[in-house]
Amino acid sequence: MRILIVTAGSRGDVAPFTGLGRRLLDVGHRVTVAAHPPFASLVDGCGLGYRSLPGDPYELICARTRAASPEEVRAATTEFLDRLADGVVAAVADGTDLVLTAFGPASLSQAAGEAIGVPVIGTYLAPAFATREFPLPGMPDGDDLGPEGNFAAGRALLARAGALQDEVLTRLRARLRARLRGDRYGHIINSGAQDPYQLDRTLALLRTELDELRFFFTGTTYDLRQTLARFDRHEGLSVVLDTNDLLH
């Protein structure tokens with residue numbers, strides 16, 4: 001089986017996956033790791049295939065440090081994530097049977113897998129949900145804030161990250177829809193010039209529309225699952241004021 005591991009971030013986000021990759025390689029799979037260029041030699045040195053993801057996390061850290069306002073921080077992060085999103089799609093589209101994704105690029109990997117028709121499994125090195133036991137990785141203040149403080153701060157961190165990635169995902173899905181539509185209609189136009197039968201052209205168009213609908217409903221299903229996951233992170237009773245709010 002061809003397995004692609006997608007990870008983004010610093011060396012600590014990449015190195016553990018080379019161990020996983022080696023184990024999968026040892027049992028007969030073909031393993032490729034998609035990561036930022038600074039880690040190409042690390043991946044190659046482990047005998048694994050490598051696919052490049054755009055961006056350098058060190059440069060992002062420098063840009064965020066130099067930013068004079070929260071808006072500049074957000075702009076730098078958004079630009080980085082937009083480029084990363086296209087890189088994840090290119091890596092998945094290059095050919096694989098299964099995608100294993102780190103937590104950071106998980107939503108981007110999921111969107112790419114759904115569009116291209118490749119299964120995606122989350123392989124996380126750290127908890128992806130707020131806990132009372134300890135702070136989530138990535139919190140500005142890593143000290144233990146106590147059970148309630150850890151839980152509240154973790155939820156706030158996930159909410160901020162989710163809001164930023166939602167914007168990136170919306171743009172990514174729009175680009176994927178445009179790409180799929182353009183590729184399919186281009187094929188129909190080119191083949192139509194050689195095919196004199198209108199019925200064949202009509203059937204091709206219908207198949208295109210059905211594929212577009214399948215892609216739309218797959219994306220909607222993923223969005224609903226994400227909404228349910230956010231509800232599951234809350235304790236106590238969740239109250240939905242109007243079912244239309246949830247559906248929208």
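Q: Which residues in α5 are buried?
A: Buried means under 20% relative accessible area, exposed over 50%, and partly exposed in between, with a 1.4 Å probe and protein chains only. Helices (H or I, at least four residues) and strands (E, at least two) are DSSP runs, numbered from the N terminus. In α5 the buried residues are Ala106, Ser107, Leu108, Ser109, Ala111, Ala112, Gly113, Glu114 and Ala115. That is nine of the eleven residues of helix α5 (residues 106-116), so the helix is largely enclosed by the rest of the structure. Just after α5, glycine 117 has a positive phi of about 85°.

Q: What should I know about the model and its numbering?
A: This is a predicted model, in which local features need pLDDT of at least 70, side-chain atom pairs count only at pLDDT 80 or more, and totals for chains, interfaces and linings use all residues. Residues are numbered from 1 along each chain as its sequence is written, and side-chain values use heavy atoms, with hydrogens and water left out.

Q: What is the order of the strands in the sheet?
A: Strands of a sheet pair through backbone hydrogen bonds, either parallel or antiparallel. Two strands count as paired if DSSP finds at least two bridges between them. Here five strands form an open sheet with parallel pairing, in the order β3-β2-β1-β4-β5. The edges are β3 (49-52) and β5 (120-122), each with a single partner strand, so one side of each has no neighbour in the sheet. From one strand to the next, the twist averages 25°. Axes are lines fitted to C-alpha atoms, for helices over the stretch in contact, and angles run from 0 to 180 degrees between N-to-C directions.

Q: Which helix packs on the sheet?
A: Helix α4 (residues 70-93) does, touching β1, β2, β3 and β4 (98-101), and its direction makes about 170° with that of β1. Contact means heavy atoms within 4.5 Å.

Q: How many bridges join β1 to β2?
A: Five bridges join the parallel strands β1 (residues 2-6) and β2 (residues 30-35). Arginine 2 stands opposite arginine 30 in β2.

Q: Is arginine 51 buried or exposed?
A: Arginine 51 is in strand β3 and counts as buried, at 16% relative accessibility. A polar atom of its side chain lies 2.6 Å from the backbone oxygen of alanine 91. Leaving out residues up to four places away in sequence, arginine 51 touches Leu4, Thr32, Val33, Ala34, Ala35, Ala91, Asp94 and Gly95.

Definitions and conventions: Polar contact = N/O pair within 3.5 Å; in protein donor to acceptor, adjacent residues only side chain to side chain.
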